[in-house]
Amino acid sequence: MSNKIGTKNIWKSIKEFENDPKILEEKLHEFKSGVTDDFDPENMSTFSRRKFLAVLAASTAYVSTACTNYRDKGEIVPYVKRPEEILPGKPTYYASTFSEDALSYGILVKTREGRPIKIEGNPDDPINKGKIPSRVHASILNLYDPDRLQFPIKTKAKTSWQKVNEEIINLLNEANSTNKEISIFTNPITSPTSQKVLNEFKTKFPSTKIYITQLVNNNNRITSWKNSFTQNIIPSIKWDKAKVIVALESDFLGKEGNTVENRIKYSDGRDIVNTKELNKLYSIEGAMSLTGMNADVRFRLNPVLQFEFLQSLTNELVKIGAINSSEIAENIISTISNLTLEKFATKTGLNLNKLKSLAQDLKNNKSNSIIYAGDVLSSEVHFLVNLLNELLGSQNLYDFENGFILNSDLTTSDEIKKFVVNSKSGNIGAIISFDANPIYELPEAFGLKEIFGNSKTTICISESPNETVELSQYILPSHNFLEAWGDHQTRNGHLTLQQPVISPLFDTKQKEEILLSWMGIENPNYHEFLMNELKNNIYAFSNSAADFNTYWFTALHDGVLKVAKNSESYKKLDQSFYKESKSKTERITILLQNNYTIGTGKYANNGWLQELPHPVTKVTWDNFAALSPATAEKLNVTYDDVVEINQNGKKVKLPAFIQPGMADDTVVVELGYGRKFSGDVANDVGFNVNGLLSEKNLSNYIFSGAVISKTGEIYELASTQEHHSLNDEFVKDFHKIRNIIQEGTLEEYKNNPEFLKEHKHEIFSITQSHEYKNEKWAMSIDLNKCLGCSECISSCNVENNVPVVGKDQVSRGREMHWIRIDRYYSGTPEEPIISTQPILCQHCDNAPCENVCPVNATNHSPDGLNQMAYNRCVGTRYCANNCPYKVRRYNFYNFRDNFADAHYENELSYLVNNPEVTVRSRGVIEKCSFCIQNIMLARENAIRENRSLNPNEVKTACQTACPSNAIEFGDANNKESFVNKFREHELGYYVLEELNIKPNVTYIAKIRNSHSEDV
Amino acid sequence: MSSIDFTRELSVVEGKPPLRVIDEIISKPLDSKPDKKFYIALSITLTMLGIGVVGLGLTFFYGIGLWGNNNPVGWGFDIVNFVFWIGIGHAGTLISAILFLFRQKWRTGIARFAEGMTIFAVMTAAIFPLFHTGRPWVAAVYLLPYPNQHSLWVNFTSPLLWDVFAVSTYFAVSFVFWYIGLIPDFATLRDRTTNGIKKIIYSLTSLGWRHSNRHWQNYELTYLILAGFATPLVLSVHTIVSFDFAVSILPGWHTTIFPPYFVAGAVFSGFAMVQNVLIFIRKIFNYEHIITLDTLERMNKIILLTGMMVGYAYSMEFFIAWYSGVQPEFFAFMNRAFGDYYWAYWIMFSCNVFIPQLFWFKKIRRSIPFMFVIAVLVNVGMWFERFVITVTSLSKDYLPSSWAYYKPTITDASLLIGSFGLFFTLVLLFTKSLPVVSISEVKAVVDGSQPSHGDH
C-alpha cells in the first residue's frame, strides 16, 4: 500500500516502496503503544536525556522539600491518635449553658476539630426551646478576643498563680484575724454550686460580706411580688394563652426578662396562617420599644404617669363592670374614685375611644388577658398591676411551674453606703470583685473609684479588662464560659449544666477554683466539686436507676437536668400593701433602659454586637438621647446634636436622636455604653450615662425634673438605615405605595381572606422560565410573627463569617450584614405605625444580578440558588447596583485588617471563622447563600443514608435563630414542605413582584389586630 | 443690493498660503525646542497627573473603600469619569469619519487634532473600568475571553463585557485611522528634517511613503474604507456604554432612549472639548488662518444642535417616566430634579440645555471668549449629566430602606484631577511631537489647489 496523491506513488523508504509488511503494520498505528521504554535509570547511558530529566526532577523536589524547615511552621498535621468524638470535617456539638443577669439559656456549642465556632440553642431546654438571644450567638467572639486577660497580674506586672495566691491568702487571713470585712462584689449568681463555694468561703472567712449588684435589674417587680406573696418564685407569663396583652412601659419582647421565652410564646398567639386568630397587644409607653413597635394599639405616655393611668383604668373597669368594686379595698377605691379615663385622656391627649376599647377588651377577655408592667416602673405600679390582674382573673396566665427562681437578693443602696463608710474608715480588709464590675455598674455617686484606687487590697477576678480591673491590685483572669464548668438554676424544676468545650486558651482559671484555692484547698478541681454537689444534692433525690456516672454523662449530654419542682400556687394579694405613688410630670422625664445588644456593657468588646443595629432606630456603635419630634423641636435639637442632660446636678452629654412615637418631654437613654479600659472595641463607644443613676435607689430608672440643653456640638451617629422625615410628602408611605409592605387588619382579613390578591395583576413573561426538576430552595417569612428583634442577623454573622466593619464604615453605608431588618414608618411622627421586614437575598429565578456580571461570578444553581463564586469575582459592583433589594455587600476594604474600631487581624480571632464558609477578601461581592453549607451537609447525609432529602430538613442560620419561628426554609417543589404552604397562602406575597424577577422569599402579610380606622 | 454667492464654498483656509508655507507653519512646533510656556503647562498637567497616580496607587493598595461609593451607590466618580471621557472621545471620529464621508471640507483643519484627542480620551477613560473593579489584578485577565482548561468563559450577556469589546475596538480603529492619516505627513517631515534621529524615526513611521500617485490612490481608498469602518463605531461605542445603564432594571437607568441620547451627548461634549483646546492651539501656533473662525462657528452650530438633542432627551425621559405610570420610575426622575441631588440636575440642565442656546446669536457664535466659556460649561454640564444618571438613580431605588447619600472623597477628586492631568499631558506632548494639523489635507483644501469650475 502506498500513499497516492493524484496518480503518483509517494514512498519514504525502499522498504515502504517494496511494501514491507512490518512497515505497513506500523503505519496503521500512528500513536503506537509501548513507545515509552521501561524506565530504568541504572541501564541508561550517562548523559541520556531522560536520565538528565529524572535527576533534574528529583533534585528539584529534593531542594524544594528537604531543605525547607517545615517542622517549625506550625502547620496543620493530622491527628496521630484521633481523639474520641472528633472526626475531621464533621462538627461535634456539646450541650452547655450561657448565663447572664439571673437568666440562663441552654446551648449547644458547635465545634470543629476541637474549636468552638457557633453557639446554637439547646432544643432540650424546656424554656428556651433551642432559641437564644443575639448576645449568646455573638458571644463566641469573646472566647477569641485578644483583649482578654491572659495571665495573673499584680500591680500592672505579670506574675504567677502561685505567688498571687500565696499573697492573697495571707491578705485574707490577716483581714479575717483582725475582723476586717472581706467584701465580695458579684452579679446575681445563677449557679447553686457557685453559691455553695461562696457560702463555704464565708464560713472559712466569717468577716466576708457579699454584695450582689446588677446594673439593670427588675427589683421593683420582685419587691412587689414579695410584698404580696412571700414566695421565692416569680411566675413567668403564659403569653401564648393571653388574648389581650397590655404592656406598660414594658419591652418584654425586646430587652426585658427572658425575651427569648417571651417571643416564643407571644408569637404563638400570632400564628394567623394556622389559627386565623390573633392576640391583641396594647402598649402604653414613653419610649419607642420593640414591643411598642409590634403593638396593635399603642399609646405614648410619659412613664411617670403610668400609676395615674392604672388608677384611671381601674376606675373605668369598675365602671363598666369588668371588676367588682367590692373586691377592692376601701382605701384603694377612694384614691381612684376621682380619676376617670375621660379626665386622663383630656390631660394627656390620648385617644379616649382607644382607651375605652382597651378597657372593653379587658372586660371581654377576662382571665385571658394580662397587664404587664415594665421593670423600670416603680413597685407601686407593679402592685397595682398585680391587683388588676388578680381582679381580672389573669392568674390563669401565671406560670409557677416554670417560674423564675429568686436565687439571692440584690444588695440595697444602704448596704453599699455602709461599705463606703467602712472602707473610708479602714474597716475593709480586702475587696474582691468576683466576675463583676462594680465601678462601672454602681452609681458613680458612691465614689467606688476612689475607694478602689486608694485600696492596696483590691482583687479582681475577671475574664476581660474593665474599669474595675484597671483599678485593682491583683488581677486574676478567669475562664471564658466556654472553657468553664458550671450549673445554673434560674427556673423552677430544672437545672442546666455548663461544660468546657475547649481547653483554656490562656493562663486562666475557673473562677470558683480561685476561691477554693484561697480556702486552703490544694489544686482544687471544680469539675469534681460540681460532680459531688450534683451527686449529693440532686442525684441522691432523683430516684435514678442508673449509676452516678451514667447519670452524670447523660446529664452532660443533654445539658438539662430535671430537679424537684418547688410547688407554689397563686395566693391572694394582701391589699394593705397598696401604696399610692405620686406622679407629677416636671420638665423633662429621663428614662434609663437596658440596651438591646451589648447587655449591661459586658459584651461591649464584641464587634458583632456593637454593629448589630438597634431594632428600632437602626443605630449602631452608640447610645443616644432619644426624643420625640415635638420635644426635639421645642429644644431646637435635631439628629446628631449633642445635648446635655442635667438631672439635679448630675450631667451627661450625648447626641440626640429623634424617635417618632415617643412621649413628649421624655428622654430615653440606654445604659451599658461608654466603657473605659475594656478592650480595643469597647473603649469609648457610646456614652456612659450611669452617672445619672440614683445612689438612693438602685432600681430607679425614671427621673423627672431634668433639664436638657443643646451644646452646639455635633456627634455623628451611624445608622444602617437613613432617617427620612416622616412628614416629607415626597417619600411618604413609599413602602405601601410600592407594595413592599402589604398589611391589613384582622377584620379585613376575616371579611375577605383574598383581600391581598384583589389588586394583583397576572404577570407574564416573554421568555420561558427555567425548570427546576429536583429541589428548589425557597424561604418564607411570616411578618405576623417577625418582631424585628434582629437575632437572625447575629446568628447569620457567626455562621457566615460576616466581618465587622466599624462605625466609620457603617456611617458610610458599608455594613456587611447578609440579612437586615428594614423598618418603615407610616402615619404621623407622633403616632407612627411601624412595619418591619427582614430582607436577605431573594434568590430570584430571573436574578438581575446574574446577567450583568461580566465574569459569570454570580450564577444560578440547578436547585434555585443564586450563588457567588468569590474567587471569580472581580468586583465591578454591577450586580449590587442591579439588585433591587440591595442585599449584595461589597468588601470595600479587607475588612479583616486592623481597622481602629472594627475587627482584628490576629491569629486568635481567626479561630472563630466557620471553616465551611469562605472568608471573603477585599474587592469581592458577597451575599446571603441560603446557608449553602447546610444544604450540602444535608445532601451529603442523605446520600450517605441512601434516601432522598427531606424537604424541611435543611435549616438556615437565621431560621434556627428566630425565636418566633417566623422563618421557614425548604424545597418549594415538594408539596410536603412548610415553605410550599406559605408560598401558596392567600397572605403570601413577594416584594417587588411586579419586576418579574421571580424572587423566592415569600412574605406573609402582616395582619394587625386593630380597628381599620386605627391603621 | 449686496449679493452673496451661495454657490461658492467659503475658503477653508484663509489667505491662500503657498504650500511651502503650510509645511513650515505646521511643522514649526516640531522643529523648535519647547519654550518656557510649554514647560509651565506641562508641569501643571504633570502635577495633576501625579495627584491622580497617588490616588490610584492608594486605591490599588487599600481598596475601593477610599472612594465615596457605598452600598446602594456602587458606582460613583469612577463610572462618571469613564463615561465622560469616552464621550469626549466622540468628536474625533465623528469629525474624521462622518464629516469626511459627507465631504465637509472644513473638518481638515481640526480633524487631526480631534482624532488625537479621541485616542487620548479613550486612553484616559480606559483606566476607570479596570481600576474601578475591586481586584484589577484579576479583572485584567478575567474580563478577556481567553480559552482555558476550566472552559470558563466571560459572560456574554453582560453589558460590561460588551464595553470591553466596544471600547477596545473603538480604540484600535481610531488609532489605525489616525496613523494612516499621519503617514503622508511623516513623509513630509522626513523630507524636511535635518536631524539624524528624527530622520530615522520619520523614515520608519512614514512606511516608505514617496508621495507617488499610486501611494495617494491607495491612501485615499484606505482612508475612505476606514472612515466607513469608523462611522458605525461613533454610534456604537456610546450606545454600548449606555447599555451599561439601560440593560439594568434600575429606575432611571432602564430607559430605551439611552443609546441615541448618549451618542448625542457624547458628540456634544466631544465638540466642546475640541473647540476649547483648538482655541488655544490656533492662538499659540498662529494657525488662525488654518483653523478659522468659520470652522469654530460650525463647531458651535453642532454644539447647539446636539445640545438641543440632549435637551429633548432630558424632557422625553421625564415625560415617559410620568407616562409609564410606574411609580419608582417617576420617582427616580422627580428625585433627580427635586431630591437630594437637585443641584447636580440643575447644573446639568442649565449648562447643557439653556446656556448653549446663546449660540443662536451669530455674534456669540463667533466670539472666542463667549464660545470658550460656553463650551467649558457644556463639559461641566455633561460631567454632571453622567453624575446625575449614575449617582441619583442608585442612591434612591426600589426599597426606601436601602437609600443612602453618596459623598465623594478626596481620593475621588484626585482621580478626576488625575484624568484631566493625563489627558492634557498627552495633548501637550502631542503638540510637540506630531503635526497637529494634517499637512497634506490642508494643502488639498487651500484655495486654488482644487480644479476650478468658475471664473473662466
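In which sense do strand 11 and strand 12 of chain A pair, and over how many bridges? The pairing is parallel, over five bridges. The legends below describe close-up views of a predicted model.

View 1. Between strand 11 and strand 12 of chain A, five bridges are found. For A:L248, the bridge partner in strand 12 of chain A is A:I284.

**View 2. Helix 12 of chain A is largely enclosed by the rest of the structure.** This helix covers residues 306-319 of chain A. Its 14 residues should span 20 Å at 1.5 Å a residue. The end C-alpha atoms are 20 Å apart, which agrees. How many residues of helix 12 of chain A are buried? The count is 12 of the 14, so the helix is largely enclosed. Among the buried residues are A:F307, A:F309, A:L310, A:L313 and A:L317. A:Q306, A:E308, A:Q311 and A:E316 are also on the buried list. The buried residues pack against two strands of chain A, strand 11 (244-248) and strand 12 (280-285). They also pack against helix 13 (330-336), helix 14 (341-348), helix 15 (352-364) and helix 16 (379-391) of chain A. After helix 12 of chain A comes A:G321, with a positive phi near 80 degrees.

**View 3. A:G292 sits in helix 11 of chain A.** The helix comprises residues 290-294. Is A:G292 buried or exposed? A:G292 is buried, because 28 other C-beta atoms lie within 10 Å and the cut-off is 20 or more. Beyond its neighbours within four places in sequence, A:G292 is in contact with A:S283, A:E285, A:R298 and A:G661. A:K238 is 54 residues from A:G292 along the chain, and their C-alpha atoms are separated by 19 Å.

**View 4. Strand 32 and strand 33 of chain A form a hairpin.** Strand 32 holds residues 820-827 of chain A, and strand 33 holds residues 832-839. Four residues lie between the two strands. The strands pair in the antiparallel sense over eight bridges. One pair of bridge partners is A:I821 and A:P838, the latter in strand 33 of chain A.

**View 5. A:N856 has a positive phi but is not a glycine.** Its phi is about 60 degrees. A:N856 lies in the loop between helix 30 (848-852) and strand 34 (858-860) of chain A. With 20 other C-beta atoms within 10 Å, A:N856 is buried.

**View 6. B:N286 is another residue other than glycine with a positive phi.** The value is near 55 degrees. Where does B:N286 lie? B:N286 is in the loop between helix 10 (258-284) and helix 11 (293-324) of chain B. B:N286 has 11 C-beta neighbours inside 10 Å, so B:N286 counts as exposed under the cut-off of 12 or fewer.

**View 7. Chain B is in contact with chain A.** The contacts involve 38 residues of chain B and 43 residues of chain A. On the chain B side, helix 6 (136-142), helix 7 (159-192) and helix 12 (327-338) of chain B each give two or more residues. That side divides into 22 nonpolar, 14 polar and two charged residues.

**View 8. Chain A as a whole has 34 helices and 41 strands.** Its C-alpha trace spans about 135 × 80 × 70 Å along the principal axes. The radius of gyration of chain A is 33 Å. A compact globule of 1015 residues would have a value near 31 Å, which agrees. Buried residues make up 53% of chain A. Of the contacts in chain A with a separation of 6 or more, 74% join residues 24 or more positions apart.

Technical notes: Residues are numbered from 1 along each chain as its sequence is written. Chains are lettered from A and ligands numbered from 1 in the order in which they are written. This is a predicted model: local features need pLDDT of at least 70, side-chain atom pairs count only at pLDDT 80 or more; totals for chains, interfaces and linings use all residues. The radius of gyration is taken over C-alpha atoms; the globule rule is 2.2 Å times the number of residues to the power 0.38. Two residues are in contact if their C-beta atoms, placed from the backbone, lie within 7 Å. Ala, Val, Leu, Ile, Met, Phe, Trp, Tyr, Cys and Pro count as nonpolar, Asp, Glu, Lys and Arg as charged, and the others, Gly among them, as polar. The expected span of a helix is 1.5 Å times one less than its number of residues. Two strands pair if DSSP finds at least two bridges between them.
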